[in-house]
Amino acid sequence: MRKERTKERKQLLKKLKNKYRLVLMNDATFEERFSASMTPLNVIAGVALVTVIISSIVVSTIVFTPVKEYIPGYSDTQTRINALNASLRADSLEKAQAVYAQYLQDLKHVLVGDILSDTLTINPPGRKPSEEPDFSRSPEDDKLRSEIESEERFALTTGAGLSSESIGLPGVFFFTPIRGTITASFNPARGHLGIDLVAPEGELVKAVYDGTIIFASFTADGGNVIYIQHPNNLISVYKHNSVLLQKTGNQVQAGQSIAIMGNTGEFTDGPHLHFELWYDGTALNPQDFIAFSN
């Protein structure tokens, strides 16, 4: 058996070494144009050499030239760097957005009176908390707080006697929020800390003064509500709107449209605007500062 295998190998090697002649001739005249003597082993070696050369050229072209950028699924180094930077920025923006969302949610709780002391964000976005503050109070502080709370527990402060000069806005012209008829005046004794204005349905509600939207959302009692923070701790409130035209954080100018009058919320009996004006935590009578006309 071993001899037969050896014999077959010798015969195969002999066939590979046998010489053949490749002749190219004119088919019409039988004139010989080219002839070459070669063996099957030479042909195999030549084909292998050509294959290696072509493969080397292709690989070198892909690796060392910009041609590789046209290969589907391939991205160059700069693209990968840009993608990494974009991913890091998106992650930072997502975290910042979460902080702002929590801060605005806390502010909303404060404005509607639903203060949750254990969930409020103490530091606004962009402000890094320093050392843990000391909230301990002295006995004198506790006594003073108790006395003030007992005296003002059921007290309601209003802005009677205040003027534009006293709130630091002398000579300021407040824009009329809506042209309509006053159906309910300022009456803090009955818990009505603003005025109600009735106007044609779909009337635009305007900002009374320059400021920043600090709250623009839906509440159960006031419906679609907008709060605007003005200079000198002045805040204006617009309730029961059908549509809000501004978002929290927007800067508005006096007379700029901020909402459309409506009939949303529980404390309403028809389309109207409930308007309030607050200064440093004190409710003001809007009629003392704004000239309302039909």
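Buried means under 20% relative accessible area, exposed over 50% and partly exposed in between, using a 1.4 Å probe and protein chains only. This model is predicted; local features need pLDDT of at least 70, side-chain atom pairs count only at pLDDT 80 or more, and totals for chains, interfaces and linings use all residues. Residues are numbered from 1 along each chain as its sequence is written, and side-chain values use heavy atoms, without hydrogens and water.

View 1. Rings of Phe, Tyr and Trp (its six-membered ring) pair if their centres lie within 6.5 Å; planes under 30 degrees apart are stacked, over 60 edge-to-face, the rest tilted. The count is four aromatic pairs. In one of them, F174 and F289 sit edge-to-face, 6.4 Å centre to centre with 80° between the planes. F174 is in the loop between α4 (139–152) and β3 (181–184) and F289 in the segment after β12 (282–284), so the pair ties together parts 115 residues apart in sequence. Helices (H or I, at least four residues) and strands (E, at least two) are DSSP runs, numbered from the N terminus. F174 is buried at 3% relative accessibility; F289 is buried at 11%.

**View 2. Y238 meets F275.** This aromatic pair is tilted: 5.3 Å centre to centre, 55° between the planes. Y238 belongs to β8 (residues 234–244) and F275 to β11 (residues 273–279). Both Y238 and F275 are buried.

**View 3. The largest nonpolar core.** Such a core joins buried Ala, Val, Leu, Ile, Met, Phe, Trp, Tyr and Cys residues through side-chain atoms within 4.5 Å. The largest has 30 residues. β11 gives the largest share, four residues.
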